[in-house]
Amino acid sequence: MTLTFVLFHSETGFLGGKLVGIVTSRDVQFESPSTSLHEVMTTTLVTAPQGVTLNEANIILRTSKKGKLPIVDDQGRLTSLLARSDLLKNQNYPLASKNPESKQLYAAAAVGTRPNDRDRLQLLVEAGLDIVVLDSSQGNSVFQVDMIHWIKESFPTLEVIAGNVVTREQAANLIAAGADGLRVGMGSGSICITQEVMAVGRPQATAVYAVAEFANKFGVPVIADGGIGNVGHIVKALALGASAVMMGGLLAGTSEAPGEYFYHDGKRVKAYRGMGSLEAMEAGKSGASAQANGKPGSTKHAPQPTSVPHENAATTRYFSESSVVKVAQGVSGDVQDKGSVKAFIPYLHVGVQHSLQDIGVKSVDELKAGVSAGRVRFELRTASAQVEGGVHGLNSYTKRLYA
């Protein structure tokens with residue numbers, strides 16, 4: 001990778017100063033640290049005037065065979081910079097979600113619903129945030145309703161994705177508060193035990209269908225959050241009314257996901273934990289051991305509870321920051337290596353296309369229209385039918401998902 005430094009003269013040293021030259025890492029690679037930049041920088045530059053269209057700038061960049069194209073005003077002051085890498089990204093990732101005006105990738109961040117989260121959100125908006133996700137295990141709360149009201153009053157153009165909810169009544173409260181989108185799911189994630197421990201939640205397909213049917217009347221899209229383990233689950237969620245899906249567990253084993261790889265039972269894996277797990281709730285706590293003996297989920301020699309409450313993102317998500325005794329609603333474990341998302345995401349994309357082809361529809365919109373009209377139907381499968389629909393009758397086999 002080549003690092004490029006754009007040098008311009010101004011009193012402040014910020015964008016808007018007069019452009020005087022460009023210096024790249026190659027220019028200084030074999031130079032003495034004491035060498036002045038003006039001795040190595042390139043001063044004969046190819047530039048474009050302010051007001052140039054993106055297509056025109058791209059043409060100049062291609063024909064000049066330069067790596068960077070500075071955009072300057074009539075007084076030679078730098079106003080923006082176009083990079084050849086931007087052209088390559090547009091070519092390699094044509095479906096990237098971008099702001100149609102700035103052409104920048106959409107930026108989203110998740111925050112909680114506590115007072116200090118308002119300070120965090122203020123800083124995020126100042127940094128250029130486009131979308132905020134209100135992260136809560138139970139979205140139908142006075143905390144979240146008040147947070148949505150405050151966001152809409154303070155940042156009217158900021159998109160708000162609220163949740164999580166599983167019923168029409170829960171969705172109605174958040175939509176009335178001003179939510180632009182909803183996350184649907186409670187206890188259906190691969191590392192979640194809320195339904196098992198708390199006896200609270202709802203089957204994911206039922207929840208997605210019920211909330212999507214209601215939210216669609218108000219033009220509010222829903223995200224299926226939980227239970228997505230393969231291409232078929234994505235298509236089912238879309239058919240039930242979801243506009244998008246969360247894929248935490250599905251992407252957890254990719255090389256871009258947080259964490260280091262290690263080997264477990266001969267397989268290359270990454271640690272993966274739920275926000276409701278004790279390991280997540282105790283993260284950052286003095287004396288806590290999130291992975292005792294180096295194994296995710298181990299509680300051997302774990303410290304005993306103290307009388308001092310501990311607060312972090314996990315405890316606030318489950319409204320348990322003031323509780324001395326933590327009740328787990330999730331587990332920690334590991335997931336198998338899935339390689340890079342650069343290969344895995346295209347596999348999911350092509351898989352969805354093939355599924356729609358087999359169903360007999362050309363697009364997601366046509367799929368949803370077919371479900372609504374009764375042309376695409378769900379049918380109950382017996383236990384024997386489910387066995388029949390999987391691999392069977394073989395002594396052994398190797399299951400490779402994509403190549």
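## Basis and overall content

In this predicted model, local features need pLDDT of at least 70 and side-chain atom pairs count only at pLDDT 80 or more, while totals for chains, interfaces and linings use all residues. Residues are numbered from 1 along each chain as its sequence is written, and side-chain values use heavy atoms, with hydrogens and water left out.

The chain holds 16 helices and 14 strands, where helices (H or I, at least four residues) and strands (E, at least two) are DSSP runs numbered from the N terminus. Of the 403 residues in the chain, 35% are buried, the classes being buried under 20% relative accessible area, exposed over 50% and partly exposed in between, with a 1.4 Å probe and protein chains only. Among the contacts (heavy atoms within 4.5 Å) with a separation of 6 or more, 52% are between residues 24 or more positions apart.

## Helix 5 against helix 6

Helix 5 (residues 115-126) and helix 6 (residues 142-154) have axes that come within 12 Å and cross at roughly 30 degrees; axes are lines fitted to C-alpha atoms, for helices over the stretch in contact, and angles run from 0 to 180 degrees between N-to-C directions. That angle makes helix 5 roughly parallel to helix 6, since angles under 35 degrees count as roughly parallel, over 145 as roughly antiparallel, 65 to 115 as roughly perpendicular and the rest as oblique.

The residues that meet are Asp117, Arg118 and Leu121 from helix 5 and Asp146, Met147, Trp150 and Ile151 from helix 6. By class, this contact of helix 5 with helix 6 comprises four nonpolar, no polar and three charged residues, with Ala, Val, Leu, Ile, Met, Phe, Trp, Tyr, Cys and Pro counted as nonpolar, Asp, Glu, Lys and Arg as charged, and the others, Gly among them, as polar.

Three strands form an open sheet in the order 3-4-5, with mixed pairing; two strands pair if DSSP finds at least two bridges between them. Strand 3 (48-49) and strand 5 (78-83) stand at the edges with a single partner strand each, so one side of each has no neighbour in the sheet. Helix 3 (residues 54-64) packs on this sheet and touches strand 3, strand 4 and strand 5, its direction making about 65 degrees with that of strand 5. Strand 3 and strand 4 (residues 68-72) run parallel and are joined by two bridges, and Ala48 stands opposite Ile71 in strand 4.

Elsewhere, strand 7 (residues 131-134) and strand 8 run parallel, joined by three bridges, and Ile131 has Glu159 in strand 8 as its bridge partner. Strand 8 (residues 159-165) is largely enclosed by the rest of the structure, because six of its seven residues are buried.

Ala207 lies in helix 9 (residues 204-215) and is buried, with a relative accessible area of 0%. Leaving aside neighbours within four places in sequence, Ala207 is in contact with Val166, Val184 and Arg202, and its C-alpha atom is separated by 6.3 Å from that of Thr167, 40 residues apart along the chain.

Val28, found in helix 1 (residues 25-28), counts as partly exposed at 33% relative accessibility; beyond four places in sequence, Val28 is in contact with Val23, Leu37 and Val40.
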